[in-house]
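Trainee: Hey, I've just opened this one and I'm a bit lost. Could you walk me through it?

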Amino acid sequence: MAFRFVHTADIHLDSPLRSLALRNPEVAELVGDASRQAFTAIVDLCLAECVDALVIAGDLYDGDQTSMKTARFLGSQMTRLHQAGIRVYMIRGNHDAMSRITKQLVLPDTVTTFGGRSQLVIQSGAGVDVAFHGLSFASPKAPESLLPKYAGPQDGAANIGLMHTSLAGSPGHDVYAPCSVADLHGHGFDYWALGHIHVRQVYSGASTLVMPGIPQGRDINEAGEKSVTLVTIRDDRSVEIEERLTSVAQFARVSVDLTGGLEWSEAVARIRAGLEQSREATRSRYLVARLGLIGTSALSWALIRDRDLVVAEAEQAAEQVGDTWVEKVELALSNPEDGNLESVADPTLELAQSMRANAASEAFRSDAREFVLKTITDLPPDARGFAGKDEAGLEQFLDDVLARGINLVAASLKTGGTR
């Protein structure tokens, strides 16, 4: 008889969403609770599938949390698993290492949290015994590979390794316990339950390596469906995996082309059609859309100038579609006259071209860069990420801000500055 378990990681319970809250409190409330709903869905899946275990490969929490509401919620969900006879095996990731709840919360005795030294726990199955190997770190930093600290495979058992690792590195993720896929394959385990990288990855070979990804996205950079992995280990130790949806709210970029001589009402109709199409393709309960308006349109000046009205129209369209929210509207529109300055004598277009030339000069960008950096140092640490995380991000931020500013000035002049 097969041994079955659910593998998840990077739940980040009650992860704070400060930047999102500033833009849209309603969306922030929805997504802020989504991590709990996703974890509840994971427990529901374990119960519905009558699995033998739940495996959590790190970052159950999200940093230095002290809320007892989080602790009570987690305790109630673990009790549900305990009452069903489902064991839990988990390791601490880099975010868990900062959480006070990690050290204080008392969980049922069916929950095993691996410590700072490599441990082995064997769970007997009806057809095959399963050896779980795990190692947690007490510090949020782990610059060296953890693999040498793991014991070899247990003879006569299916061997499962739990590891929180950045593997060979991934954009947007800190280096944490780096190691190669080849080294993991060569260690002799049947399955590696990985965590840390928020995008699902599967590596087949001598063993099965799965990075399940985050089970609930938190912003547009974690767009798309999110899931966990249902693992079946047969009596012959062969491994089968299934991806199971867990995301309650799904982030998506929705691009709407407004090219053509459209009236305002026609543009709104296209926006709604784009949201409807994306909603139909979304399996999660809620769609949180970042709307991108593109194309060459005579409406571009009006849309740029009256951005607040565009946002209101988009939010109303999303409400009509149902279970859909617009998180942000981005405008990447051009006017048919923009590339035709030689044949169109328009002082506004000439001014816009002159402003773009000035903004591209190194002297102007240097002043703008200095202003942004000074602003960043005057802000609290939690609010300093708006201009990117590195030099390339800062340059992209300057490009976007300057382009939007020039377009807004030109749009106001072009349309007379009034509505």
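This is a predicted model: local features need pLDDT of at least 70, side-chain atom pairs count only at pLDDT 80 or more; totals for chains, interfaces and linings use all residues.

Trainee: Which residue of β2 stands opposite T8?

Mentor: That's I56.

Trainee: What about β11, in which sense does β1 pair with that strand, parallel or antiparallel?

Mentor: Antiparallel, over five bridges, with β11 running through residues 227–233. To find a spot where they meet, look at V6, whose bridge partner in β11 is L230.

Trainee: How many residues of β1 are buried?

Mentor: Five of its six residues are buried, so β1 is largely enclosed by the rest of the structure.

Trainee: Where does C50 lie? And is C50 buried or exposed?

Mentor: C50 lies in the loop between α2 and β2. With 61% relative accessibility, C50 counts as exposed, whereas H12 is buried.

Trainee: Let's switch to charges. How many salt bridges are there in the whole structure?

Mentor: A search finds 16. One of them brings the side chains of E49 and R4 together, at 2.8 Å from N to O. E49 sits in helix α2 and R4 in strand β1, so this pair ties together parts that are 45 residues apart in sequence.

Trainee: How accessible is E49?

Mentor: E49 is partly exposed, with a relative accessible area of 21%. The cut-off for buried is under 20%.

Trainee: Are E327 and R290 buried or exposed?

Mentor: Both are buried. There's also a network to look for: salt bridges that share partners join R4, E49, E242 and R244.

Trainee: And R234, which residue does its side chain meet in a salt bridge?

Mentor: E240, at 3.0 Å from N to O. R234 counts as partly exposed at 34% relative accessibility, and E240 is partly exposed as well, at 39%.

Trainee: What about the surface? Which residues form the negative patch?

Mentor: E26, E29, D33, E315 and E319 form it. Helices α2 (25–49) and α8 (307–321) each supply at least two of the patch residues, and the largest share, three residues, comes from α2.

Trainee: Pick one for me. How accessible is E29?

Mentor: E29, which is found in α2, has 63% relative accessibility and counts as exposed.

Trainee: New topic: what joins β5 to β6?

Mentor: A hairpin does, through six residues. Strand β5 (residues 119–123) and strand β6 (residues 130–134) pair in the antiparallel sense over five bridges. In that pairing, I122 has A131 in β6 as its bridge partner.

Trainee: Last stop: where is L162 found?

Mentor: L162 is in strand β7, and it is buried, with a relative accessible area of 0%. Its C-alpha is 9.8 Å from that of Y150, which is twelve residues away along the chain.

Trainee: And C179, where does that one lie?

Mentor: In the loop between β7 (158–164) and α5 (181–185). C179 is buried, with 8% relative accessible area. C179 and G169 are ten residues apart in sequence, and their C-alpha atoms are 8.8 Å apart in space.

Trainee: Great, I'll go and click through those.

Technical notes: Residues are numbered from 1 along each chain as its sequence is written. Side-chain values use heavy atoms; hydrogens and water are left out. Buried means under 20% relative accessible area, exposed over 50%, partly exposed in between (1.4 Å probe, protein chains only). Helices (H or I, at least four residues) and strands (E, at least two) are DSSP runs, numbered from the N terminus. Two strands pair if DSSP finds at least two bridges between them. Patches are made of residues with over 30% relative accessible area and no salt bridge: like charges are joined within 9 Å, nonpolar side chains (Val, Leu, Ile, Met, Phe, Trp, Tyr) within 5 Å. Accessible areas come from the Shrake-Rupley method with a 1.4 Å probe; for residues, only the protein chains shown count as cover. A salt bridge is a side-chain nitrogen of Lys or Arg within 4 Å of a carboxyl oxygen of Asp or Glu. Lys and Arg count as positive and Asp and Glu as negative; His and the chain ends are not counted. The place of a charge is taken as NZ of Lys, CZ of Arg, CG of Asp or CD of Glu.
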